[in-house]
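I opened this notebook to keep track of what I looked up, entry by entry. The sequence and structure come first, and my notes follow.

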Amino acid sequence: MKFIRLKSKNDKYFDETMKIYKCSFPIFEQRVLKDQDEVFERNNYHADIICEEDTLVGLLFYWKYDFKGSEFVYIEHLAISPELRGKNYGSKILTEFCKDNPNTILEIDEPIDEVSIKRLKFYSNLGFKLQQFNHIHPPYRKGFDGHSLKIMSFDRDLLDEEYNKFNEFLKYTVMKYSEVK
């Protein structure tokens with residue numbers, strides 16, 4: 001597997017990546033194309049695609065930020081190509097990614113139905129720990145409200161101040177690249 005960083009909407013795999021993005025996330029969790037194009041300008045934003053030979057396996061969009069001298073990573077979007085789901089690519093990608101990024105944070109839907117409980121189990125099996133913070137993710141698009149999500153962090157519990165820094169980073173940096181600025 002090879003991680004390749006997209007740097008603009010003109011990159012070879014951009015259109016195919018956006019097809020995966022659009023079919024994998026609800027509309028209120030997606031940036032509009034203009035905002036996606038603008039966010040490429042940020043050095044700490046990574047829009048990686050994962051390829052195996054010439055096949056696009058999936059996408060991993062994440063942010064790096066510093067907190068008290070430690071680098072943290074926020075996985076904003078992770079998705080596998082629909083034709084390749086169920087073949088352990090998600091596990092392989094996250095296992096490899098977290099080796100180099102131990103302070104990784106991500107969000108999941110509240111575990112209240114079969115799909116969301118299965119997702120919680122998937123991340124837990126990879127070493128992510130469910131956190132108990134009350135967390136509302138702001139909407140990416142106009143006409144939508146923020147939605148309640150749960151925070152997971154890799155291999156440890158977050159301190160309150162670490163969660164607060166993450167939440168501040170989300171609201172004032174990540175969401176700067178959304179219709180609802």
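How far is the sulfur of C51 from the closest cysteine sulfur? I find 16 Å, to C23, which is too far for a bond. Before going on, I note that the model is predicted, with pLDDT of at least 70 needed for local features and 80 or more for side-chain atom pairs, while totals for chains, interfaces and linings use all residues. Residues are numbered from 1 along each chain as its sequence is written, and side-chain values use heavy atoms, leaving out hydrogens and water.

Entry on cysteines. With a disulfide taken as a pair of cysteine sulfur atoms within 2.5 Å, I count 0 disulfides. I also looked up accessibility, where buried means under 20% relative accessible area, exposed over 50% and partly exposed in between, with a 1.4 Å probe and protein chains only. C51 is buried at 2%, whereas C23 is partly exposed at 46%.

Entry on α3. Helices here are DSSP runs of H or I with at least four residues, and strands are runs of E with at least two, numbered from the N terminus. I see that α3 has 12 residues and reaches 17 Å from its first C-alpha to its last, close to the expected 16 Å, a span defined as 1.5 Å times one less than the number of residues. Its buried residues are Y89, G90, I93, L94, F97 and C98. They lie on the same side of α3, because they cover an arc of only 145° around the axis, taken from the directions from the helix axis to the C-beta atoms.
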